[in-house]
Amino acid sequence: MNSFVLEIWAEESKCRFYTVRKLDEEFSETDKFFLKFKDEPKFKRSISELANFIVKYIGQKTGALSYLFRFENKAHALPPPSKYTFSQLEIKTKDFPLRLYCLRISNEIVILFNGTEKNSQKAQEGNTKKFFEEANYFASKIDEAIINKEIILNFKEGKITSTNGGNKIEIN
Amino acid sequence: MRSKVLQEILDDTPKEVEIFVEMYGDIVVRVHELMEEKGFSQKDLAQSMGKKPSEISKWLSGNHNLTLRSLVKLEAELGESIINVPSRKKIKPLDGESFVMTVHSNFTSTTNRTFEVGKHSEKLFIKMAN
């Protein structure tokens, strides 16, 4: 898979959202997701709810609380999980037609990927398979970059920075 | 800073979607916090309410509308308010014109209080007394 860069997608008071953009592409993965569905009548309302949930709720009100995300192997996804791990409380979101994959790093830092319409029981099947696998690939590469100290997480400021000090955060 | 695509979607959002998202998020967070605080599991809550755990799940889903009855049952079981409906109360200050105040109360844990209302240096002050 191609190298990619991490870019800021939305800077809000409680959380900074990053996205990934493949080096040879114009749009980030998250913009591609929203562009794909925003004008489709079937998904217009869901897209609007998801964008507002990310920005207005997580970004400006609560921060990225862990229970507002679902676990998807090494990555995460929105909307909120079908099961709270600590309390066994199940919040079924199977009727919400879309999944947006991401990596929640802390309450202040989230990296959003791409997603699609959910049309199967498991994320590893149906439409979501490709995006689930890609999200896990991105998450693994980002994990490696953190372990190898190629990128630095600044939890206090809710920022990701490049070790070389440059603004461009490239992951190979 | 925001992506242009995101900003376009936010600018195009109807007010009712904004309200829905905030209320949905608040209910999920509120129920989650209360269950954690009180050591309830989904199973415990379902048992005490005579419901199947899956029904509690549906109640907390953004696609299954919580009825007023369901919310009230959840409030009763958890012993705390989940949503508050403000009341309007006309108040006559000791030294000024009467005004209307919006009052938020928690039905399950409110205690009676007396409020003394007056004006001080153009600013309204409210003194609370037990």
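In strand β6(A), A:Leu112 is the bridge partner of A:Thr19. That link belongs to a set of 4 bridges between β2 (residues 16-22) and β6 (residues 109-117) of chain A, two strands that run parallel. Two strands count as paired if DSSP finds at least two bridges between them, and the strands (E, at least two residues) and helices (H or I, at least four) are DSSP runs numbered from the N terminus. The model is predicted, so to speak of local features pLDDT of at least 70 is needed and side-chain atom pairs count only at pLDDT 80 or more, while totals for chains, interfaces and linings use all residues. Residues are numbered from 1 along each chain as its sequence is written, with chains lettered from A and ligands numbered from 1 in the order in which they are written.

**The sheet**

Now for the wider view. Chain A has an open sheet of 7 strands in the order β3-β4-β5-β6-β2-β1-β9, with mixed pairing. Because β3 (70-72) and β9 (169-171) stand at the edges with a single partner strand each, one side of each is left without a neighbour in the sheet. From one strand to the next, the twist averages 40°.

| Strands | Sense | Bridges |
|---|---|---|
| β2(A) and β6(A) | parallel | 4 bridges |
| β4(A) and β5(A) | antiparallel | 3 bridges |
| β5(A) and β6(A) | antiparallel | 6 bridges |

A hairpin is formed by β5(A) and β6(A), with 4 residues between them. Within it, A:Arg99 has A:Thr116 of β6(A) as its bridge partner.

Of the 7 residues in β5(A), 7 are buried, where buried means 20 or more other C-beta atoms within 10 Å of the residue's own, exposed means 12 or fewer, and partly exposed lies in between, with C-beta atoms placed from the backbone. A:Leu98, A:Leu100, A:Cys102 and A:Arg104 point one way from the strand, and A:Arg99, A:Tyr101 and A:Leu103 point the other way. In a regular strand, side chains alternate between the two faces of the sheet.

The largest nonpolar core holds 55 residues, and A:Leu100, A:Tyr101, A:Cys102, A:Val110 and A:Ile111 have the most contacts inside it. Such a core is a set of buried Ala, Val, Leu, Ile, Met, Phe, Trp, Tyr and Cys residues joined through C-beta atoms within 7 Å. Helix α2(A) gives the most to this core, with 8 residues.

Helix α2 (residues 44-62) of chain A lies across β1, β2, β4 and β5 of chain A, at about 25° to β5(A). Axes are lines fitted to C-alpha atoms, for helices over the stretch in contact, and angles run from 0 to 180 degrees between N-to-C directions.

The axes of α2(A) and helix α1 (residues 4-11) of chain B come within 9 Å and cross at roughly 110°. The two helices are therefore roughly perpendicular, a label for angles of 65 to 115 degrees, with under 35 roughly parallel, over 145 roughly antiparallel and the rest oblique. A:Ile47, A:Ser48, A:Ala51, A:Asn52 and A:Val55 meet B:Leu6, B:Ile9 and B:Leu10 there; contact means C-beta atoms, placed from the backbone, within 7 Å.

A:Glu49 also sits in α2(A). A:Glu49 is buried, because 21 other C-beta atoms lie within 10 Å. Beyond residues up to four places away in sequence, A:Glu49 touches B:Val17, B:Phe20 and B:Val21.

Terms used: Two residues are in contact if their C-beta atoms, placed from the backbone, lie within 7 Å.
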